[in-house]
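I opened my notebook to look up a few things in this structure. Here is what I jotted down.

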Amino acid sequence: MSRYRGPRFKKIRRLGALPGLTRKELPVRRVESEQSLASQKSQYRIRLEQKQKLRFHYGLTERQLLKYVRIAGKAKGSTGQVLLQLLEMRLDNIVFRLGMAATIPQARQLVNHRHVLVNGRIVDIPSYRCKPEDIITAKDAKKSRTLIQNYLESAPPKKLPTHLTLHPGQYKGLVNQIIHSKWVGLKINELLVVEYYSRQT
């Protein structure tokens with residue numbers, strides 16, 4: 001299954017806020033009506049929607065998400081927590097969380113087009129797994145810095161997660177540590193995602 005490129009607001013109406021996919025949000029009344037329908041959903045559908053929410057927020061294909069679930073299942077600790085850490089530490093997500101891009105698809109495009117450096121070297125792989133002490137910077141080129149500057153200036157004010165530090169004047173971000181679960185950029189029940197995949201095997 002390929003990465004989703006269809007109408008983004010359609011997914012928000014069905015799954016709720018997806019800040020990595022788009023800045024748009026549902027009207028309050030719509031949110032309330034969606035919540036009132038939640039109690040009528042089957043357990044399978046609830047798990048499926050949590051899985052889809054995770055997939056569309058981070059912009060993954062079904063195969064990519066399944067791969068991350070399997071990696072998380074082999075790691076020490078809670079599978080759900082490890083899964084979220086793996087997704088949050090992707091380079092495209094780090095660029096997005098730093099405010100260098102408005103959405104994860106925009107961040108992925110910046111990385112693919114070689115506008116982003118990690119520790120002084122160009123990395124054009126959006127799934128690159130960032131580590132503590134990594135330094136994320138814009139390439140020292142006018143086009144790269146202009147793109148990122150525009151995103152930084154247009155981004156609405158938001159509190160930066162504690163595992164990241166941003167130096168906007170230097171077009172530089174630092175990864176301080178592995179993300180803590182409370183700073184994950186999506187409201188999600190990761191246990192339901194793990195349950196969804198465990199019931200598929």
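Before the sheet, I needed a rule: two strands pair if DSSP finds at least two bridges between them. Strands (E, at least two residues) and helices (H or I, at least four) are DSSP runs, numbered from the N terminus.

A note on what I'm looking at: this is a predicted model, where local features need pLDDT of at least 70, side-chain atom pairs count only at pLDDT 80 or more, and totals for chains, interfaces and linings use all residues. Residues are numbered from 1 along each chain as its sequence is written, and side-chain values use heavy atoms, with hydrogens and water left out.

Entry 1: I found 5 strands in an open sheet, in the order 2-1-3-5-4, with antiparallel pairing. Which strands stand at the edges? They are strand 2 (121–122) and strand 4 (164–167); each has a single partner strand, so one side of each has no neighbour in the sheet. I then looked at strand 4 and strand 5 (residues 172–175), which run antiparallel and are joined by 4 bridges. Leu-166 has Gly-173 in strand 5 as its bridge partner.

**Entry 2: the core.** I looked up the nonpolar core next, meaning a set of buried Ala, Val, Leu, Ile, Met, Phe, Trp, Tyr and Cys residues joined through side-chain atoms within 4.5 Å. Buried is under 20% relative accessible area, exposed is over 50%, and partly exposed is in between (1.4 Å probe, protein chains only). The largest core has 48 residues, and Leu-54, Leu-83, Leu-91, Val-95 and Ile-136 have the most contacts inside it. Helix 5 (residues 79–88) gives the largest share, 5 residues. Where does this core lie? Domain 1 (8–26 + 41–87 + 187–199) and domain 2 (89–181) both give residues to it, so it lies between them. The domain bounds come from an automatic or database domain assignment.

I also checked Val-95 for contacts (heavy atoms within 4.5 Å). Leaving aside neighbours within four places in sequence, its contacts include Met-100, Leu-110 and Ile-136.

**Entry 3: the tyrosines.** Rings of Phe, Tyr and Trp (its six-membered ring) pair if their centres lie within 6.5 Å; planes under 30 degrees apart are stacked, over 60 edge-to-face, the rest tilted. I got 2 aromatic pairs. Tyr-44 and Tyr-196 are tilted, at 6.1 Å centre to centre and 40° between the planes. Tyr-44 is in helix 3 (residues 43–58) and Tyr-196 in helix 9 (residues 190–198), 152 residues apart. Buried or exposed, what is Tyr-196? Tyr-196 is buried, at 9% relative accessible area, while Tyr-44 is partly exposed at 41%. Tyr-196 and Tyr-197 pair edge-to-face, at 5.2 Å and 85°.
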